[in-house]
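User: I would like to go through the labels given to this model and the cut-offs behind them. Please take them one at a time.

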Amino acid sequence: MILGCIADDFTGATDLANTLTRRGMHTVQTIGIPKGAAPQADAVVVALKSRTIPVADAVTQSVAACRWLKANGARQIFFKYCSTFDSTDAGNIGPVADALLDELGSGFTIACPAFPENGRTIYLGHLFVGGDLLSDSSMKNHPLTPMRDANLVRVLGRQSKHKVGLVPYRTVKQGAPAIAEAYAALQAEGIRHAIVDALEDRDLEHIGAASSALPLITGGSGVAVGLPQNYRTARLIPKREGASPLDKVGGPGVVLSGSCSAATLGQVERFAAKHPSQAIDPQGLASDPEKTVAALLAWATEQLKKGPALIYASAPPEKVAAVQAAFGREKAGAMIEHAIARLASALAAERVRRFVIAGGETSGAVVSALKVEALEIGPQIAPGVPACLSYGNPRYALALKSGNFGGPDFFVEALEALP
Ligand code: ADP
């Protein structure tokens, strides 16, 4: 193992594994810290579900993952979070990054969530989603991590006990040596975290090259774009093509969506217009979970005999707000995730093996319910979303989609792409 990665959610982990695979690193994603031997791979991405758990738990789990990765040979550690910097003032990005720096005995790291291919760019420390500041994007209404400040120096400053600085675009565009000099200058000022501006993949390649000696890198999957080349230059990995096709799984395919992100809402609408679909009623779930899940299962079982089907909790912001007002933000989220996870395992018991899951937290809940331990990464379906195949028996074909990823027809594309 050369690169050891810790991802704060499952779809984020797949996104990063996808980037590394496409850039020629043989990558395996594990669900949590593996109990057995480390997989044979250039990069291992340990997927945690630590984005919205209490800070202390996120720190403990991330440090444990870091120790396991180092013990299994990782030369560099990558802490992956969302390209929209999903977090609250309590964390978990800042506290986890602080703890990983301490664990690695390092005094400096970068924070770069840029993902230009998906419209996430950073200029003067401000994160943009497409043409909007993060704080004007749909992320301002996220059910668990509403993002209402686009200035990442400020956002991370509120989460970390250390000073946060900036490597501005005028430096980044000068290339790797200038960026590395900026790191040294910031470190000399006592700054431990630097937000790094990036507008396009070329910038990320420069940032990657400048970061080859950092024990810890933090960011979105985009900043990993530049890392495989470092390892090729150092002759640690051979030249390789991207992903290989996955073994065939076959059988019916179901879409389960717990994401309320704008892109998902569009995908649900588009899919539901032409395919059988059923909404999950949070009220029904709260009053009689057994009956509600059983009814959805009976419906899905019948539909899947004829073709693909969608079950979704996805709802627009005003409906989500009403559900949260009734049950509390976390309780509502957990209740829905739990229901979708139960549906997934009940469908698996009926031999459904192909799942498209929308939502990071939702994917985490489903993958845990299916007792998946590790994923092989296949060809890309949409930027940030590869087709995956679980190891073990049975093997599941999975597309784990982070909320705002994928075009309007993503669900159909994913069902076609899954083996
Ligand atoms: P995304 O990737 O879009 O952020 P996630 O699955 O990570 O999606 O998060 C969405 C959260 O919203 C989950 O906890 C999910 O259970 C919750 N949720 C889904 N539908 C609703 C709803 N109708 N009302 C309230 N919360 C919901």
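**Labels and cut-offs**

Analyst: Val129 stands opposite Asp132 in strand 8; strands here are DSSP runs (E, at least two residues), helices are H or I runs of at least four, and both are numbered from the N terminus. The model is predicted, so local features need pLDDT of at least 70 and side-chain atom pairs pLDDT 80 or more, while totals for chains, interfaces and linings use all residues. Residues are numbered from 1 along each chain as its sequence is written, and side-chain values use heavy atoms, without hydrogens and water.

User: What makes strand 7 and strand 8 a pair?

Analyst: Pairing requires at least two DSSP bridges between two strands. Two bridges join strand 7 to strand 8, and the strands run antiparallel.

User: Why are strand 6 and strand 8 called edge strands?

Analyst: The open sheet has the order 6-7-8 with antiparallel pairing. Strand 6 and strand 8 (132-133) each pair on one side only.

User: Why is Leu124 called partly exposed?

Analyst: Buried means under 20% relative accessible area and exposed over 50%, with partly exposed in between (1.4 Å probe, protein chains only). Leu124 has 40% relative accessibility, so it counts as partly exposed. Leu124 lies in the loop between strand 6 (120-123) and strand 7 (126-129).

User: How do you know that the Phe108 and Tyr183 pair is tilted?

Analyst: The search of the whole structure finds eight aromatic pairs. For Phe108 and Tyr183, the ring centres are 5.3 Å apart and the planes are at 45°, so the pair is tilted. Rings of Phe, Tyr and Trp (its six-membered ring) pair with centres within 6.5 Å; planes under 30 degrees apart count as stacked, over 60 as edge-to-face and the rest as tilted. Both Phe108 and Tyr183 are buried.
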